[in-house]
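Welcome! Take a moment to look over the sequence and the structure below, and then we will walk through a few spots together.

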Amino acid sequence: MDGGRAMERRTFMALVSGGLLAAPLAAEAQRSGKVYRIGTLTVSPAERASHFITALEESLRELGYVKGSNVLYEHRFAEGRTERLSELAHELAVLNVDVIIAGNNASIAAAKQATSMIPIIMTYGVDPIGVGFIVGLSRPGGNITGLTADVTADTWGKRLGLVKEIAPRASLVAVLWNPDFPGMSSAWKASEDAARTLRVRLQSVEVRRLEDFDPGFTAIAQQRPGALLVFADPLTYTRRREIASTAARYRIPTIYGFREATDEGGLMSYGVNIPGLYRRAAVYVDKIFKGAKPAGLPVEQPTTFELVINLKTAKALGLTIPQSLLQRADELIQ
């Protein structure tokens with residue numbers, strides 16, 4: 001079954017059922033004059049995160065929250081600069097918004113530091129227990145709940161296995177990642193476990209700042225790995241177009257954990273649908289506005305992942321994608 005369509009069907013059903021329950025709340029809010037204020041905190045520049053925000057606002061509108069009528073938005077974008085997140089999170093806390101929706105771990109950490117009272121909804125937290133955001137998935141405790149991304153060995157093994165199908169002779173796979181980004185150590189360990197199972201070696205290419213990309217790709221060119229795996233963090237996400245073009249120049253088959261990279265020239269991605277997670281975050285907002293406490297709202301883990309392949313990039317690299325892999329893809333970019 002198409003993974004993306006399956007996610008959308010599940011999301012649609014959740015929104016329909018949630019919308020029926022939310023309509024009386026929205027009507028009551030309008031009668032009482034209550035206007036909710038929602039803050040969002042995102043590392044990416046506004047133009048690169050607009051589809052996330054649109055998904056969130058559309059989902060909330062379907063649940064009965066109409067912008068300018070019973071809900072207002074305070075969107076904050078760090079423009080790719082993680083050092084700005086603390087300041088922006090503090091702005092939202094001072095405004096005393098009713099809820100903060102935080103994207104990745106850097107945004108979640110900044111929101112957590114800024115407030116222990118305002119509910120915080122994660123959209124794609126990585127290893128939230130390990131980094132101290134929550135105490136458990138079923139009962140997160142504190143003021144943080146929401147949705148997680150994946151760090152399981154199964155998922156990382158799937159990514160390595162997929163790129164091995166395209167480059168079956170690859171014995172060395174480079175990994176482009178930021179070890180200082182919260183939660184990435186768990187992703188690295190999961191990748192190591194998967195690599196041992198697949199009998200491939202990993203080349204750690206660490207990028208902690210923009211200046212690390214050039215020497216990082218020089219190291220990749222020297223080692224000549226058979227494939228490249230890119231971890232998702234603010235640096236790799238905002239520089240995805242540059243990574244894709246550099247990987248193409250070195251003719252390295254590359255797999256990403258986020259489909260936006262494939263949209264901009266990357267070869268292949270396997271991961272959660274991030275706009276879909278923002279749509280699910282709207283359900284958490286609705287529950288909190290109805291009186292639920294974050295401490296008791298279970299954190300959701302992803303169950304559906306999308307495989308997207310850019311056939312134009314494959315052709316440019318001179319790669320023949322196996323028919324079995326094409327048939328399993330959720331989307332093929334021509």
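Predicted model: local features only at pLDDT ≥ 70, side-chain atom pairs only at ≥ 80, totals over all residues.

Apart from its neighbours within four places in sequence, glutamine 203 is in contact with Leu172, Val173, Ala174, Val175, Ala219, Ile220, Gln223 and Pro225.

**Glutamine 203**
- You will find glutamine 203 in strand 7, which covers residues 201-206.
- Is glutamine 203 buried or exposed? Its relative accessibility is 10%, and buried means under 20%, so glutamine 203 counts as buried.

**Helix 3**
- Which residues of helix 3 (residues 85-95) are buried? They are Leu85, Leu88, Ala89, Leu92 and Ala93.
- Just after helix 3 comes asparagine 96, with a positive phi of about 55°.

**The largest nonpolar core**
- In soluble globular proteins, nonpolar side chains tend to be buried together.
- Here, the largest nonpolar core has 102 residues, and Ile38, Leu176, Leu228, Phe231 and Met268 touch the most other members.
- Helix 11 (residues 274-289) provides the largest share of this core, with 9 residues.

**Leucine 228 close up**
- What is leucine 228 in contact with, leaving aside its neighbours within four places in sequence? The contacts are Val173, Ala174, Val175, Leu176, Phe217, Ile220, Ala247, Ile252, Pro253, Thr254 and Ile255.

Conventions: Residues numbered from 1 in each chain as written. Heavy atoms only, no water. Helix = DSSP H or I, 4+ residues; strand = E, 2+ residues; numbered from the N terminus. Buried < 20%, exposed > 50% of the residue type's maximum accessible area, 1.4 Å probe, protein only. Contact = heavy atoms within 4.5 Å. Core = buried A, V, L, I, M, F, W, Y, C linked by side-chain atoms within 4.5 Å.
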